[in-house]
Amino acid sequence: MTDTVSSADVRAILGAGGYRAALEWIARRAEAFVIPFAALVVGMVLFSLFIALVGKSPVQLYETMWRGGFGSWFSIQNSLSRGAPLLLAALCVALPARLGLVVIGGEGAIVLGGVAAAAIGVALAGAPSFIVILAMGVAGMAAGGIWIGAVGALRHYRAVNETISSLLMAYIAIALMNQLVEGPLRDPASLNKPSTQPLADIYRVGNIPGMEVHWGLAVGVVACVLSWVLIEKTRWGFAARIAGGNVRAAQVQGLAVGPLIVGFTALAGGFAGLAGMLEVAAVQGSANGSLAAGYGYTGILIAFLARHNPLAIIPVAILLGGIDASGGLIQRRMDLPDATVLVLQGMLFIVILFSETFYGRFKAFNPDLWQRAS
Amino acid sequence: MDATDIGLWGVPLAILGGAIRVSTPFIFVSLGEAITERSGRINLGLEGTLVFGAMTAYAVAVMTNSPWPGLLAAAAAGLCFGLFHGWICKFSKVNDIAIGIALMLFGSGLAFFFGKPFIKPKAPNLPAIPFGAWSDIPQVQAALDVNVLFLIGAALSLVLWWAFRNTRAGLIVRVVGDSSDAARAMGLNPNRVRLLATGVGGALAGIGGAYLSLYYPGSWTERISSGQGLMAVALVIFARWNPLGCFAAALLFGGAGALGPALQSVGVTQGYYLFYAAPYILTLVIMIATSSPTRSLAGAPGELSITK
């Protein structure tokens, strides 16, 4: 059972009896694509049944969803914009997951990252714009990194369950943001919706040239690629995967599991904090209650759909961004509540988790079970 | 609430009254979770069950114009969610914690989906018993207005505490929770016991949700639960899976939740949002204080993934 393509594999594929070897090679890799894809389809079929049961047309719903998410250049750009924070929010779940941790409080890191970035942006007013934007990014990453890094540290050094602690800390973070935005950081001019002082235009993050999509999308994609390299191609990633498989084995090997866990969770939180910074610098222009928009929770779903593979996060986040973007159109065109999208997400989530049970069960994906041709 | 006429006495009184009012959903959710966790599974989805229970109870109460069918419907809905969790977790490689997170999102989504038409209408409330009728002071009366569900919850925690020790059913749940192998050797089917335990846990969480929408705060909105279901899970660990401990911990959490409004009622408005975070901070501090990397928790069910 090799996991990578060795030269022996290549020789076998190219050799005389290569047909069977090639088939085996494809079969082993097909599982990771076929099962999630089939789960996605099953989830969408179940959702069609649900929509039919409440008396609406599933065909019209998916058509509207397509039109709202990907049907035109305008809607594609809208989906990409919504996908940008989701990429980073999903990394906040996927990176700790490779170490065997289920961190679900990315929302807290997003919120605090946004507040920290807004505070720095206002404090540094007058400085050159690239310095301010850089400082905002660093502040956002630091705030998010400390927040989720603390979750990792509590997990490793105090054995505090990271799932519950991260969610509790998300609620605490939102309360902290409300306190800061209503109190010391409040812009007196923001009457109805308490906000920090608006950033000057030169400190805003703009759009990618030729598109109505802000630079956050590029940042998110780069973050995903870097995370993939970190996990798959570096020794830290290798160590993390060992620790995620078996902590004791990793400790026997002399790996410093503590710093590894704190480092990975801090980086994960840093990415979520960066998402908050981008929401402030590219979308909102100031920090306010809109930061807690639920990106952190959609990120959990995306990470699980992508099976915690940072490269797979990119298409999944854009798909979910599209589904999110079509929510408004579904609401208007079909007279369905805005929570329709949430129901779809919940169904997909359950089906995807259920599909885990099918890995290794199908003979077609496991050449070891094939009958040996005599 | 105006507490100026009895001065600062209003604060402890409001916290006491608040503790009784706010703690009731915690009592039901944590008792339900205690049963589930004693059987060796963890259901993080109770947060979603709570929200869906709140919506169901409110909708049925509006339609029937009586709170009791609402309460029953919420328990039935919670039972369905619990049974679903219990069923799906019996398959190999299906992670109970992750399924819980999914059900949390799904339950809330479904509740918001069906609950939209019920945000406006007013539902009849669950009745309360005025234990403070002897007093002329309105604050005392308000604090001692105790809902029947609180009393039922208190009685239930006593019954469960007794039942875990002294009944055959209690023993079966504990055996399954401590060792699947031992249970199988006794001829028990661990998956079936866990299915029922998770189902009952869900039903209790549904009742907790009914309390939210039918008594306090007593209306259906999309922000009706703010993590009570999750805090209840943490609370069960703190209470060491002991139903009486769950009751005490729920009161403590209720008191922490009432701190903000109580201080606000006497005119302390500084740091309102931070007081609002008090229950979360308290939960976190307790979790940090009671967890340890070197020893496993006393009384923890052996099959529980969260403490393994």
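Residues are numbered from 1 along each chain as its sequence is written, chains are lettered from A in the order in which they are written, and side-chain values use heavy atoms, with hydrogens and water left out. Because the model is predicted, local features need pLDDT of at least 70 and side-chain atom pairs count only at pLDDT 80 or more, while totals for chains, interfaces and linings use all residues.

**View 1. Chain A is built with 15 helices and 0 strands.** Helices here are DSSP runs of H or I with at least four residues, strands are runs of E with at least two, and both are numbered from the N terminus. The radius of gyration of chain A, taken over C-alpha atoms, is 23 Å. That is close to the 21 Å from the globule rule (2.2 Å times the number of residues to the power 0.38), so chain A is as compact as a globular protein of its 374 residues. Its C-alpha trace spans about 85 × 60 × 40 Å along the principal axes.

**View 2. Zoom in on L344(A), a residue of helix α15.** This helix covers residues 340-355 of chain A. Is L344(A) buried or exposed? It's buried, with a relative accessibility of 0%. Leaving aside residues up to four places away in sequence, L344(A) touches F47(A), M65(A) and I323(A); a contact means heavy atoms within 4.5 Å. F50(A) is 294 residues away along the chain, yet its C-alpha atom and that of L344(A) are separated by 9.3 Å.

**View 3. Now for H308(A), which has a positive phi without being a glycine.** Most residues other than glycine have a negative phi. The phi of H308(A) is about 60 degrees. You'll find H308(A) in the loop between α12 (295-305) and α13 (310-325) of chain A. This histidine, H308(A), is buried, at 14% relative accessible area.

**View 4. Over in chain B, W241(B) also has a positive phi.** Its value is near 60 degrees. Where does W241(B) sit? Look in the loop between α10 and α11 (243-265) of chain B. W241(B) counts as buried, with 0% relative accessibility.

**View 5. A cis peptide bond links Y216(B) to P217(B).** Omega is near 5 degrees for this bond. Most peptide bonds are trans. P217(B) belongs to the loop between α9 (190-214) and α10 (228-238) of chain B.

**View 6. Here are two cysteines of chain B, C80(B) and C89(B), with no disulfide.** A disulfide is a covalent bond between the sulfur atoms of two cysteines. The test used here asks for a pair of cysteine sulfur atoms within 2.5 Å, and over all chains the count is 0. For C80(B), the nearest cysteine sulfur is that of C89(B), 16 Å away. C80(B) is exposed, at 51% relative accessible area, whereas C89(B) is buried, at 7%.

Definitions and conventions. Buried means under 20% relative accessible area, exposed over 50%, partly exposed in between (1.4 Å probe, protein chains only).
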